[in-house]
Amino acid sequence: MKRDHASSVQKPRPSEMYFQALVESAPDAIVITDPAGRIVLINAQTEVLFGYRREELEGQPVEILVPGRYRSEHPGLRRSFTHAPVTRPMGAGLDLYAQRKDGSEFPVQISLSPIRSEEGLSIFSAIRDITQQRETEQRIRELNARLASQNAELQAVNQELEAFSYSVSHDLRAPLRAIDGFSRILLDEQAESMDAAGRNLLERVRRASQHMGRLIDDLLKLARVTRADVQMQDVDLSALAAEVAEAQRQLMPEHAVEFICAPGLHAHGDAKLLRIAFDNLLGNAWKFTGGRSAARVEFGMHEEAGDKVYFVADNGAGFDMAFADKLFGAFQRLHDTGEFPGTGIGLATVQRVIHKHGGHIWAQAAVDTGASFFFTLARQQETA
Amino acid sequence: MSDKSILLVEDNPDDEALTLHALATHKIGNQVAVARNGVEALDYLFCTGPHSGRDPEDLPAVVLLDLKLPKIDGLEVLRRIRADKHTRLLPVVLLTSSNEEEDRLRGYSLGANSYVRKPVDFDSFVHAAGQLGLYWLLLNQPAKD
């Protein structure tokens with residue numbers, strides 16, 4: 001570091017050497033100006049940021065570093081600072097720019113500290129190039145804007161889905177009712193003039209329209225689950241399972257099922273959605289144990305590597321694990337409609353409920369032995 | 001049951017035919033008046049327009065009202081029935097395709113007496129129509145004779 005004073009002849013004191021080393025190696029550009037606003041001292045980073053060699057800057061008015069359009073007002077700003085000097089840290093909320101030797105500008109943050117010496121008031125300034133920071137801020141603004149517009153679009157889509165579901169609820173059912181109804185009336189009133197083959201054809205028409213009615217109902221349920229806002233609360237899973245099992249018993253009183261329910265199982269979740277999941281899982285368990293003389297359905301939980309894994313298991317018809325990946329697809333069925341009626345939407349609905357809770361669902365089964373469905377719910381808050 | 005009647009408010013001609021048939025199965029077919037939209041229904045009940053010759057005291061024992069109607073929709077018809085002192089206490093059964101909770105809530109809030117979903121399966125439909133007819137025409141006691 002050179003100085004053009006006679007004092008350069010003296011050997012620098014240890015504290016001065018310390019100071020010089022600090023300034024020279026500082027990560028920010030350091031510029032010290034004298035009371036007249038001339039650059040007295042700079043460091044290596046100043047050379048790097050501004051593109052000058054220090055000989056070119058020493059003795060120059062500090063305005064050389066200020067963008068052209070601000071140069072005329074800068075001396076005035078310096079004077080008012082000198083009048084009431086305070087330490088002004090970086091990030092004081094000012095939008096500042098500096099100018100390189102090649103004339104290009106870059107955004108900066110500047111800290112100012114007044115230094116009193118025998119010569120008067122010098123100003124110690126540290127200058128930081130914040131080009132990178134500005135770019136990051138801009139990117140964040142752009143990402144936020146995109147997020148906001150995506151959210152708006154999602155809202156619009158949800159509203160459309162709502163309107164669509166609503167109109168499906170009314171408009172698709174009416175013609176189905178007509179198909180089923182008039183076929184029935186035809187069967188009733190034209191019974192004598194129709195042979196068994198004719199009656200059979202009409203019965204098939206009726207069954208098809210009734211099946212479509214159930215498909216519509218299940219699709220609507222699936223859509224409702226998708227749209228639903230999850231409302232989390234503490235849910236008594238054991239009580240819920242027991243209620244749903246009782247409802248199943250009343251739906252199919254001739255079918256005796258031994259239901260084993262683990263007591264005291266609680267979880268954090270949406271009660272309505274979980275009920276829909278149990279309706280489907282236990283409904284399936286009841287359905288697929290239809291042929292069993294000693295039908296057995298169980299709901300319980302076991303811990304696996306710190307996670308709570310819940311299960312609904314039955315000893316019914318089961319399925320071939322080779323088709324396990326089709327299990328949760330909408331409209332996918334692994335059984336004959338003649339043997340076991342269904343729309344193929346139930347498990348897709350359960351999966352959606354489980355996913356809404358941040359959990360997973362999977363199954364294990366063997367043909368004619370039974371099936372077990374395992375699921376987790378999101379990491380629960382531990383309530384001691 | 002001979003002097004009691006039903007007003008069916010239904011715009012869909014298929015549903016109208018099926019409902020009449022179902023009611024007829026239970027021997028109630030001959031006392032059903034049909035309005036095909038909300039305006040007709042209100043004209044009938046308030047004895048205005050083409051029904052200005054009707055006797056205002058001659059009200060049906062029950063109104064079977066669909067929610068989705070052209071011109072004035074079902075809920076608006078219900079609102080106006082409840083707003084008029086002649087028909088304020090008239091039993092209204094919402095008979096409709098929708099089972100959406102919002103529709104049920106709105107219907108009951110506006111003073112519907114009952115909400116029945118039209119099933120797709122005709123046998124169930126006949127059964128429901130029979131139950132409705134028998135209940136409202138035979139069992140239920142109206143506010144006034």
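The largest cavity is lined by A:R88, A:P89, A:M90, A:G91, A:A92, A:G93, A:L94, A:L96, A:V108, A:Q109 and A:I110. A cavity is a set of points, on a 1 Å grid over the protein atoms alone, where a 1.4 Å probe fits but cannot get out, and lining residues have an atom within 4 Å of a point. The model is predicted: local features need pLDDT of at least 70, side-chain atom pairs count only at pLDDT 80 or more, and totals for chains, interfaces and linings use all residues. Residues are numbered from 1 along each chain as its sequence is written, chains are lettered from A, and side-chain values use heavy atoms, without hydrogens and water.

Strand β4 (residues 105-117) of chain A contributes most to this lining, with three residues. The lining comprises seven nonpolar, three polar and one charged residue, with Gly counted as polar and Pro as nonpolar.

The second largest cavity is lined by A:T33, A:D34, A:P35, A:G37, A:R78, A:T82, A:L121 and A:I123. Here α4 (74-83) and β5 (120-129) of chain A each supply at least two residues.

Beyond its neighbours within four places in sequence, A:F375 is in contact (heavy atoms within 4.5 Å) with residues including A:F278, A:F299 and A:W362.

Terms used
On a 1 Å grid over the protein atoms alone, a cavity is a set of points where a 1.4 Å probe fits but cannot get out, and a pocket is an open set with protein on both sides within 12 Å along at least five of seven lines; lining residues have an atom within 4 Å of a point. Helices (H or I, at least four residues) and strands (E, at least two) are DSSP runs, numbered from the N terminus.
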